[in-house]
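Biologist: Hi! Could you walk me through this one?
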Amino acid sequence: MSHLAALSKLLGPDCSLISDPDITASYSRDQAPFATSSPPFAVLLARSAQEISIALQYANEHKISVVTRGAGSGLSGGANSTADALVISLEKMNQIIEIDSANQIAHVQAGVINIDLDNAAKELGLAYLPDPASRDWSSLGGNAATNAGGMCCVKYGVTSAHVRAMQVVLASGEIIELGSPTKKSVTTYDLLHLFVGSEGTLGIITELTLNLAIRPAAPSTLIATFPNITKAASAAAALLQYRPSMLEIVDQTTLKAVEAWHPLGFEVAGAVLLMQLDENHAQCEAALNTCKGFDLIDGVYSDDPADAADLIRVRKMAYPALERMGATLLDDVALPITKIAEFVERVEALSKKLELVIGIFGHAGDGNMHPTIVHDHGDETAAQRAQKAFSEIVEIAQSLGGTASGEHGIGSIKAGFVANEISATVIELQRAVKKVFDPNSILNPGKKIP
Ligand SMILES: Cc1cc2nc3c(=O)[nH]c(=O)nc-3n(C[C@H](O)[C@H](O)[C@H](O)COP(=O)(O)OP(=O)(O)OC[C@H]3O[C@@H](n4cnc5c(N)ncnc54)[C@H](O)[C@@H]3O)c2cc1C
């Protein structure tokens, strides 16, 4: 009997096990442009942890690769499949099981979309804070599996700071619970956070218990222009003293791309910083004065939410403006904040050397930069130079004490860089951990660790 027929029999007539190639093709990859992929032999649209357990038990016994898929919004090829793989999608497991407002927690299935939880929490004056730019369509399970970040994470921390407990289906098919719904817990080793950021390589997250917070007040927004990125990056480090709930940087290449699309009046600026304060609004004036110590060209701030939307438009338009110029490769590295300026200078030199446009923007407050390489659609040699630039950018970040990925994950495109920043002993420890949870290496093989 084929694996498809055997799985179909085990899962029963009501299961959604798809093998139609027109449909499986749409489950073969995420949003990373150059990661390899092939349509899987089947896609299970799982409806329960029990169904996943049955499928994993069979896959483990027969050593079938399993690729877990949230919403497929990833940017590292993490959800990309191979022809011999079974994709298990969590998209149907999208129920908010409970919002416990007294304990400020939410209990959800892993396929719930991030913004849906935040909207439900909003009704109760609460918020789910982690805000990846993909929050309108990425799943909470995917966010936990990649330890997603976002703009407000400079103040509130990335996804790991908001996960209290989870249900996981192990490669063996066993269903386990990790963590505790309590705010504090130091009972036993912290296996919960081992799963946060594990990118589908250790088990399948089926439920999550997540922190909610009292909804922050509408923020004040400040925008400041500087003659160059070095000054803007130095100002960003100084602005951390105001506990910003957003601190973003946009370089001149990106500003020019935005201006060419929608002129917003930034043509004279060498770089822009955007900051939000969701408490201590009165400190905007002091923050502006701090910027003056870094050759501020101009700065304004406002409490008005309509103004805020206008002011942050330049950051929201950064990536789409670069996308208009050609095919793009969006990189993701994290650096000590004091190294941002040097990083940007070296990436600018790389851009000249390889004759490629590279726009740089990102989360200045936590040193997470997204250099975006632009090349002409259909130009194969430019595409190869872009991939070279992508790699060199990671190596520049690593040489400055940074890391290969700040938030998008290692997936299938960055495993080759991991050895540059951890020792052979630590790589062996990582492999040993993988073996404990997934002895037959069926879960997302070849991803995350070299
Ligand atoms: C326009 C755009 C903007 C983005 N902005 C941000 C941003 O600001 N911050 C950020 O961090 N990321 C961002 N991303 C990347 C992406 O949205 C995140 O990585 C997101 O967390 C992925 O969630 P997903 O549900 O789409 O997961 P997928 O892409 O489906 O999967 C991502 C990885 O997690 C694994 N996985 C998914 N679900 C589970 C599960 N239930 N159990 C175990 N493993 C699982 C997959 O196997 C894969 O390795 C952006 C992407 C796009 C396209």
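Predicted model: local features only at pLDDT ≥ 70, side-chain atom pairs only at ≥ 80, totals over all residues.

Biologist: Which residues come nearest to the ligand?
Modeller: Thr-68, Gly-70, Ser-73, Ser-134 and Ser-139 do, out of 34 residues around the ligand.

Biologist: And what classes of residue does the shell have?
Modeller: There are 19 polar residues, 12 nonpolar ones and three charged ones in the shell around the ligand.

Biologist: Which element gives the largest share of the shell?
Modeller: That's α5, with five residues.

Biologist: Okay, what lies 2.9 Å from an oxygen atom of the ligand?
Modeller: A backbone N or O atom of Gly-149 does. The side chain of Asn-143 also has an N or O atom 2.9 Å from an oxygen atom of the ligand. On the nitrogen side, a backbone N or O atom of Ile-205 is 2.9 Å from a nitrogen atom of the ligand.

Biologist: How much of the ligand does the protein bury?
Modeller: The protein buries 92% of the 960 Å² that the ligand exposes when taken alone.

Biologist: Switching topic: at what angle do helix α1 and helix α3 cross?
Modeller: Roughly 145°, with the axes of α1 (residues 3-11) and α3 (residues 49-61) coming within 10 Å. The crossing is right-handed.

Biologist: Which residues make that contact?
Modeller: From α1, His-3, Ala-6, Leu-7, Leu-10 and Leu-11 take part, and from α3, Glu-51, Ile-54, Ala-55 and Tyr-58.

Note on methods
Residues numbered from 1 in each chain as written. Heavy atoms only, no water. Axes fitted to C-alpha atoms, helices over the stretch in contact; angles between N-to-C directions. Helix = DSSP H or I, 4+ residues; strand = E, 2+ residues; numbered from the N terminus. Left-handed = near helix turned anticlockwise from the far one by under 90°. Contact = heavy atoms within 4.5 Å. Near = heavy atom within 4 Å. Polar contact = N/O pair within 3.5 Å; in protein donor to acceptor, adjacent residues only side chain to side chain. Areas by Shrake-Rupley, 256 points an atom, 1.4 Å probe, with all protein chains shown as cover. Nonpolar A, V, L, I, M, F, W, Y, C, P; charged D, E, K, R; others polar.
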